[in-house]
Amino acid sequence: MYNISDLAGRSIECDCGHRHEVLIKHMEVESGAINHLPDVCRKLFASGNALLVADDNTYKVAGARVYEALINHGFNADICMLKRPSIGYDADETSAAQAGISSPWEPADAIATDERSIVRIMVALKPDTAFLLAVGSGTINDLVRFVSSRTGIPYISIPTAPSVDGYASTVVPLLMDGFKRTVPGTYPTAIIADTDVLCNAPSPMIAAGFGDMVGKLTALSDWKLGHVLDDEYLCQTSFDMMSSAVQKCLSDPAGIRQRKPDAIKALMEGLILSGIAMMLVGNSRPASGSEHHMAHYWEMLFAQKGFRQAYHGAKVGIATPVIASVYKKLTDMDETQIKAMADAYTPVSPSVRRQRVADAFGQLADEVIAESSSVWLSEDEQKQRAHYIAERWTAIRDALRSSVPDPQEIKRLLADAGAAYSAGHINVDAGLLHQTLLNAMYIRTRYTVLRLADDIGCLENLAAEVTKEAFLE
Ligand SMILES: [Zn+2]
Ligand SMILES: [Zn+2]
């Protein structure tokens, strides 16, 4: 059921009451997969020329083989080589340090997903371009996904690193006039991931992919929470698909660090399945919860200050044990404790909330308020909500206890995989971690454990305790 090559192109009549469509027609994660590309292209596209989009590094590690494979099998192909002012693709931690990059968890200067890169691809298109090939990791796939959606020319994704879960995604985080916004793109017709290439990706990129997969642990817990507490839609098929992919990825963290082909294959499949799970339910609920909101908060703040950014997955990985600690502290409480908190609950007025968001988000505050204030409750509603939760506490706790992993265990997995696991690794100090726990819930309207803690009036206490513990170790 969860084998990705079997899932490709399937239509699933699901117990959740929906019919799910896997719109990607071919998916494979294999050693030597690039050799299968000409056959796949022949099957999917009747005829026409290809445009291969790569940068100088991804061309070197995979693009040249892709180009040769196509030419040798009678295809015509043009190359759009995006320029990056970077150090080498095979940058390891030492060369990253030599290049003046302050931490191995930060990407080298990379191609931006911006207007300039999009125009470069558009200029390379010809009237007879029949399909696009995105040879690269997140950014190149994002760019080609955008161009494909606007031109209607289909594309094949050829990942060069198991670093993000966006290969099967349909949205594009686009930088326009220096501001980042999410715009619609389209899914690839096929994903061909060659483990021979993926195993040679830079260690920090592999570690980032692992961090993003670790984040699914708390993302799934948040989904279950929304379902148990508010009867939010949960597709059990997608939920189970995601959790089994996560378990498989996390089963051999040392294998990830050592780049064992089986471990790297499980990681890449997990990242692709994560995109498929989002495609099945039509939103990012299966793959993104409070740990992602924390990561987004850091991203927004660092961008405002002009700081270097760690890889997305590094931020998500670091946030996950922090969120797991919040879960653990909450699920350790019994009904009497929660009821006492509900009785003592002091509502927060909308104007106080506005001020908190203004203080936490600076120039982005208006945008954040526009996004999240629709779920802010009136003072009376807040009191009712606290009691509503207290009455259902035993059921909520029972549902969550089994699903939330131990924070120390998550840190150990990250460390074993060679991934970042502590806020200090990405220059998040105690003050910022505390601020993040208090404000990350304002980034989206999605229900998460941070909003649960806020709803029963213990977010401030928990944030202080969790921050203290994170910096004691
Ligand atoms: Zn993510
Ligand atoms: Zn379903």
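Colleague: Into which domains is the chain divided?

Modeller: The chain is divided into domain 1 (4-201) and domain 2 (206-472), with bounds that come from an automatic or database domain assignment. This is a predicted model, in which local features need pLDDT of at least 70 and side-chain atom pairs count only at pLDDT 80 or more, while totals for chains, interfaces and linings use all residues. Residues are numbered from 1 along each chain as its sequence is written, and chains are lettered from A and ligands numbered from 1 in the order in which they are written.

Colleague: How many residues of domain 1 are in contact with domain 2?

Modeller: There are 35 residues of domain 1 in contact with 34 residues of domain 2, where a contact means that the C-beta atoms of two residues, placed from the backbone, lie within 7 Å. On the side of domain 1 that touches domain 2, the elements giving two or more residues are α1 (4-7), β3 (26-30), β10 (190-194) and α7 (195-198); helices (H or I, at least four residues) and strands (E, at least two) are DSSP runs, numbered from the N terminus.

Colleague: And how far apart are the C-alpha centres of the two domains?

Modeller: The C-alpha centres of domain 1 and domain 2 lie 29 Å apart.

Colleague: Switching to the largest nonpolar core, which residues touch the most other members?

Modeller: Of its 144 residues, Leu52, Val53, Leu133, Val135, Leu267, Ile272 and Ala453 touch the most other members. Such a core is a set of buried Ala, Val, Leu, Ile, Met, Phe, Trp, Tyr and Cys residues joined through C-beta atoms within 7 Å. A residue is buried if 20 or more other C-beta atoms lie within 10 Å of its own, exposed if 12 or fewer, and partly exposed in between, with C-beta atoms placed from the backbone. Helix α11 (residues 261-281) contributes the largest share of this core, 14 residues. Domain 1 (4-201) and domain 2 (206-472) both give residues to this core, so it lies between them.

Colleague: What about α18, which of its residues are buried?

Modeller: In helix α18 (residues 393-401), the buried ones are Trp393, Ile396 and Leu400. Seen down the axis of α18, its buried residues fall within an arc of 65° (taken from the directions from the helix axis to the C-beta atoms), so they line one face of the helix. Thr394, Ala395 and Asp398, on the other side of α18, are exposed.

Colleague: What covers the buried residues of α18?

Modeller: The cover includes α8 (203-230), α13 (312-331), α14 (335-343) and α17 (379-391).
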